[in-house]
Amino acid sequence: MIIRQYYVNEITKFIDIPLVKILSGVRRCGKSTILEMIKQELINNRHIKSENIISRKYNEIIYDDMTTKEMYQDLIKEIITTDRYYLFLDELQEIKGWEKVINDILEKYNVDIYVTGSNSKLMSSEIATYLSGRYVSIPVYTLSFKEYLTFKNKENINVKDMFDEYLQFGGFPLIGISNFDTTSAYQVVEGIYSSIITRDISKRHKIRNKDLFDRVVKFVIENVGKTFSANSIVNFLKSEQRTLSVETVYNYLKWLVDAFIIYPCSRYDIQGKTILKTQEKYYLSDITFKYCKFGFNPSMIAAMLENIVYLELKRRGYEVYIGKNYNKEIDFIGVKRDEKIYIQVSDNISDDKTFEREVIPLLKIKDAYPKMIISRTRHEDYQYEGIQIYDLANWLLK
């Protein structure tokens with residue numbers, strides 16, 4: 001088992017703190033394995049007895065149709081002493097009403113609780129109501145580039161060449177730990193994608209016109225990193241002689257976000273310092289979701305580089321927005337408490353015209369927050385008029 005140290009460090013800060021630790025992210029991003037890492041931390045380093053660790057995987061068939069009462073009885077029968085018990089509850093969203101069970105056990109028993117889920121309903125208003133501030137959310141993403149290098153564990157690697165590999169293979173841990181060719185890798189991702197679309201969305205929301213839903217999903221994936229709205233999707237479908245309401249498109253987009261297929265990225269008006277409610281962009285939870293539907297080709301690279309930077313900013317704890325400064329667009333604004341950064345992302349800035357196009361919007365921003373261009377320069381990092389120029393692979397490893 002390859003330790004994902006960042007997540008271990010984030011979670012161990014909260015061991016024995018009276019908060020439910022909620023790990024949420026797309027299916028197969030490694031949440032269950034991270035739970036195993038925490039169990040090993042408890043047993044090996046904190047000397048917790050294994051009989052005081054209670055584990056459940058609620059996506060297993062034996063838990064199909066389990067009620068909240070059955071879930072409650074199943075867990076409390078394991079708590080047989082007044083000692084502290086550690087509950088590891090995987091894919092908890094499969095049990096309807098689970099938050100009531102967790103709240104009751106938290107109040108009545110000496111427990112420390114860790115849960116995972118592949119649906120953002122784990123962070124819904126019901127949880128806020130029942131757990132009333134007694135939880136901490138830890139988002140889990142597919143492998144970062146730094147983690148990908150750890151999984152590959154190759155000697156004498158060329159970092160830039162390994163980034164080109166990462167750009168094609170993405171970050172699902174199963175891909176990272178294996179030696180698939182791209183065809184096999186994308187078949188694996190297609191299986192993950194199909195499971196999410198079928199189980200987490202189509203069946204859960206009783207979608208009747210699966211063909212039309214699939215077409216909307218393909219449109220969203222095809223247009224990752226581009227600005228569009230629900231209306232533009234409706235108009236696109238009209239051009240194909242298909243009819244769908246704006247409200248239904250909004251529902252589809254929400255369900256894709258809930259299942260962590262995509263993340264929304266709102267626009268931020270730098271002058272007005274306000275978040276704009278129209279013309280969002282969407283980014284994938286892993287770039288290989290696009291390859292498994294459309295194959296890999298060089299025309300996708302610019303959007304996929306943006307996607308990689310977006311996810312890395314999320315991993316580093318930033319709220320991420322698209323910047324609007326008068327009629328200029330900044331690829332990303334990262335905001336973390338009183339910190340802010342402005343980022344332009346480019347495949348290649350060796351051409352003077354391209355470099356000028358990327359640098360001018362940053363120069364027009366008059367505040368003193370850090371500004372940077374991240375590109376596949378394959379050169380050492382440098383500065384230009386106060387703007388930091390990073391090679392993308394270097395920046396990902398910082």
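## How confident is the model?

Among the elements of the protein chain, strand β3 (residues 85–90) has the highest mean pLDDT, at 98, while helix α5 (residues 125–131) has the lowest, at 74. Keep in mind that you are looking at a predicted model. The protein chain averages a pLDDT of 93, and 98% of the residues score at least 70. A handy rule for any such model: where pLDDT is low, the predicted coordinates should not be read in detail.

## Aromatic pairs

Let's turn to the rings. A pair of aromatic rings is described by the distance of the centres and the angle of the planes. The count here comes to 24 aromatic pairs. One of them is formed by Y252 and W255, a tilted pair with 5.9 Å centre to centre and 45° between the planes. You can find both residues in helix α12 (residues 246–258), where they are three residues apart, about one turn of the helix. Are they buried or exposed? Y252 counts as buried because its relative accessibility is 6%, and W255 counts as buried too, at 16%, since the cut-off for buried is under 20%.

Now look at Y291 and F296, an aromatic pair that is edge-to-face, with 4.9 Å centre to centre and 85° between the planes. Y291 has a relative accessible area of 1%, so this residue is buried.

## A cluster of rings

Aromatic residues can also be found in a group here. Which residues form one aromatic cluster? The members are Y141, F260, Y263, Y283, Y310 and F332.

## Lysines over rings

Over the face of Y114 you will find K21, at 4.8 Å from the ring centre. Y318 has K336 over its face, at 4.4 Å from the ring centre.

## A nonpolar patch on the surface

Finally, have a look at the surface. L174, I177 and F180 form a nonpolar patch there, and together they have about 250 Å² of accessible area. Where is F180 placed? F180 is in the loop between α8 (173–176) and α9 (182–203). With a relative accessibility of 31%, F180 counts as partly exposed.

Conventions:
Residues are numbered from 1 along each chain as its sequence is written. This is a predicted model: local features need pLDDT of at least 70, side-chain atom pairs count only at pLDDT 80 or more; totals for chains, interfaces and linings use all residues. Side-chain values use heavy atoms; hydrogens and water are left out. Rings of Phe, Tyr and Trp (its six-membered ring) pair if their centres lie within 6.5 Å; planes under 30 degrees apart count as stacked, over 60 as edge-to-face and the rest as tilted. Helices (H or I, at least four residues) and strands (E, at least two) are DSSP runs, numbered from the N terminus. Buried means under 20% relative accessible area, exposed over 50%, partly exposed in between (1.4 Å probe, protein chains only). A charge sits over a ring if NZ of Lys or CZ of Arg is within 6 Å of the ring centre and within 35 degrees of the ring normal. Patches are made of residues with over 30% relative accessible area and no salt bridge: like charges are joined within 9 Å, nonpolar side chains (Val, Leu, Ile, Met, Phe, Trp, Tyr) within 5 Å. Accessible areas come from the Shrake-Rupley method with a 1.4 Å probe; for residues, only the protein chains shown count as cover. A salt bridge is a side-chain nitrogen of Lys or Arg within 4 Å of a carboxyl oxygen of Asp or Glu. pLDDT is the predictor's confidence in each residue, from 0 to 100.
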